[in-house]
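Biologist: I am new to reading models like this one. Could we go through some of the labels and ask what stands behind each of them?

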Amino acid sequence: MIKQSSITQQNVNPDGGAQIMGMQIEGYLGKRLNNNECRWLQKAVEHNPAMMERFRQRDSHPRCIVPWFGEYPGKLLTGMALTYRMSMDADTLAAGNALVEELASVQGEDGYLGPHPKDRRFNGPMHEDLTKVFGWHGNVLWDVWGHYHVIYGLYQWYKVTGNRQALTIACHAADSVYTYFIKEGRPFASAGEPDKNLTIGHALLLLYRETGEKTYLETALAVVEEWKTAGCGNWLEAALAGLDFYQMELPRWEALHAVMTLSELYRLTGDITYYRAFEAIWKSIRRTDRHNDGGFSTGEGAAGDPYQFGAIENCCTVAWMAMSSDYLKLSHDSKVADELELSFFNAALGSLMQDDYWFTYDVPMNGIREGSNTYLAWQTVEGGQGLSCCQANGNRGLSQVVEWAAFADATGLYLNFYGPCRLDAQTPSGAGITVQETTDYPVTGRITITLEPEKPEYFSLRLRIPFWSKNTQLSVNGELQNGVQKGSYYTISREWRSGDTLTLELDMTAHYWIGDGEVKGCTSLYHGPILLVLDTGASGTDVNNCVFERAALEQMTVTGGEDGYWLTAQATNLAGEIVRLVDFADGGRNGAWYISWLNIQNAPALWDNDEIWNAR
Ligand SMILES: [Zn+2]
């Protein structure tokens with residue numbers, strides 16, 4: 001058992017320094033994010049009145065709802081907080097504040113903030129009708145998990161907007177969890193579903209860091225201690241024993257939120273053991289369960305095989321990206337940001353349907369995309385067509401770019417995001433700095449970066465050089481730089497002044513991932529961070545006979561904006577036909593089947609042989 005007395009707040013710089021406040025992305029990506037913010041996120045509560053009604057009427061008119069129903073407002077509010085950090089849009093601020101008001105109005109006097117009636121809350125059985133409909137049995141209410149998301153969302157909203165009411169409600173909800181389990185002597189394991197319900201420690205440690213309230217720390221430590229109970233995951237010990245995540249007792253995706261408790265414990269204690277366990281799990285997932293599109297999970301959890309087909313649930317990728325953002329801030333490893341870019345530009349963006357409103361549940365490597373409004377209709381209720389796990393979580397997958405796009409530590413500013421944008425960040429001294437990127441990246445690799453610091457300041461600017469960019473050119477105010485290495489940060493230490501300009505030319509030569517297992521003999525093709533797919537609705541050729549030769553792919557022309565695609569590549573196949581390949585995010589956008597594991601002859605491996613990632 002970890003001794004509370006050994007823990008002091010802020011042993012380790014919690015967020016790796018200052019955060020971005022303000023990030024406007026232009027072009028294709030910016031338009032889709034803005035559409036999702038205006039069409040879905042700002043309207044989500046209004047379009048789904050049943051969400052808060054189920055909370056409000058939990059005792060007066062209890063209804064049959066899925067066990068995880070309580071997570072929805074928390075997942076939505078998290079997306080709103082991240083989005084607001086980017087857009088600073090008044091309507092998003094109003095929507096988030098309104099949701100906080102709603103949550104305040106439905107909170108129990110004891111702080112309870114879920115949708116389940118008194119006789120079931122926290123560790124009671126699920127509604128009997130679910131057994132009839134789905135054949136589910138036992139204690140499968142995910143009520144503590146729901147509180148995890150609601151507390152996390154409220155905390156994030158408070159951190160971004162300063163809304164004190166959000167923090168007050170979050171603390172009150174945490175108090176109810178403390179009282180029910182710790183004070184009244186119930187084990188968390190009694191709630192069942194430990195990979196969901198035993199994630200709560202993560203949110204409570206964030207609240208502890210904010211408030212110094214000891215009962216939150218006590219609760220979180222008790223939860224981590226309970227992981228050791230038979231059937232409760234044992235993630236910490238299993239990681240330290242060298243097990244891969246997929247070999248652990250409970251390798252479902254929800255457990256990633258439990259694992260994030262370890263990074264917070266490291267921040268609080270400085271105890272490297274927590275960091276090692278957290279890092280081992282991250283590296284394990286990247287090596288065995290992160291698919292070619294940057295998505296995580298096979299059938300909602302780790303399977304130990306990135307080539308295996310099976311649903312890649314959007315919620316799983318969202319959790320993987322949250323964990324990756326967390327790991328990036330601790331590791332300061334540019335390749336983690338490469339991972340985030342891969343996941344964002346492919347799997348996360350690919351989860352957003354073409355109307356920019358609905359998200360999918362499954363983002364397959366080969367297959368079709370279906371909106372949650374049809375695929376997850378079984379989760380929804382009257383008055384809440386958008387009330388499903390992946391729909392509520394979808395915006396977070398996009399907007400969490402603000403967490404990793406740039407950050408500062410005591411010595412420097414790390415720039416990770418490339419694309420046409422304007423970022424308002426802070427220098428190591430805490431002064432404001434605007435970073436302007438002029439580019440059509442990822443169509444081409446040429447990026448012009450202009451810095452506008454509030455005042456001249458000496459610091460190290462660290463630019464992410466992606467692992468796939470073999471020959472990178474960089475100049476600072478016209479002066480060519482030497483020794484730019486792929487898969488690392490390139491550091492320039494100098495006094496930066498307003499108007500200083502860097503020109504970065506990334507190497508967009510095609511690169512490949514050679515398949516194995518179920519996709520043995522097939523290869524994935526990348527243009528920079530973008531996975532290219534054959535869309536049977538857009539390729540204009542017989543895909544069954546579509547074979548490519550590597551040499552021809554290296555001659556393909558890539559253009560942006562054609563027919564509304566982010567990017568398209570014209571490639572010649574062995575039959576001499578011109579075939580159009582498109583970016584993964586747009587794959588199957590008209591409901592057609594798409595394929596990301598292609599038939600390519602003589603392709604060299606980059607991904608699985610790459611020396612930079614082979615180290616365990
Ligand atoms: Zn989901």
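Biologist: Which residue of E12 does Leu-474 stand opposite?

Modeller: In this predicted model, Leu-474 stands opposite Leu-504 of E12.

Biologist: How do you know that strand E9 and E12 count as a pair?

Modeller: Two strands pair if there are at least two bridges between them. E9 (residues 473–476) and E12 have four bridges, so they are a pair, and the sense is antiparallel.

Biologist: And what makes strand E7 a partner of strand E12?

Modeller: The cut-off is again at least two bridges. Six bridges join E7 (residues 446–453) to E12 (residues 500–505), so they pair as well, running antiparallel.

Biologist: Let's turn to E4. Which strands are joined to E4 by bridges, and in which sense do they run?

Modeller: Strand E3 (residues 406–408) is joined to E4 by three bridges, and these two run antiparallel. A hairpin of three residues links E3 to E4, and Phe-407 has Tyr-414 as its bridge partner in E4. Strand E8 (residues 457–465) is joined to E4 by four bridges, this time in a parallel run. Gly-412 has Ser-460 as its bridge partner in E8.

Biologist: Why do Gly-412 and Tyr-414 point one way from strand E4, and Leu-413 and Leu-415 the other way?

Modeller: Because side chains in a regular strand alternate between the two faces of the sheet. In E4, Gly-412, Leu-413, Tyr-414 and Leu-415 are all buried.

Biologist: How do you know that the span of helix H11 is close to the one expected?

Modeller: H11 (residues 214–226) has 13 residues, and at 1.5 Å a residue 18 Å is expected. From its first C-alpha to its last, H11 reaches 18 Å, close to that value.

Biologist: What makes up the contact between domain 1 and domain 2?

Modeller: There, 14 residues of domain 1 are in contact with 16 residues of domain 2. On the domain 1 side, H16 gives the largest share, five residues. By class, that side has seven nonpolar, four polar and three charged residues.

Methods: Residues are numbered from 1 along each chain as its sequence is written. This is a predicted model: local features need pLDDT of at least 70, side-chain atom pairs count only at pLDDT 80 or more; totals for chains, interfaces and linings use all residues. The expected span of a helix is 1.5 Å times one less than its number of residues. Two residues are in contact if their C-beta atoms, placed from the backbone, lie within 7 Å. Ala, Val, Leu, Ile, Met, Phe, Trp, Tyr, Cys and Pro count as nonpolar, Asp, Glu, Lys and Arg as charged, and the others, Gly among them, as polar. A residue is buried if 20 or more other C-beta atoms lie within 10 Å of its own, exposed if 12 or fewer, and partly exposed in between; C-beta atoms are placed from the backbone.
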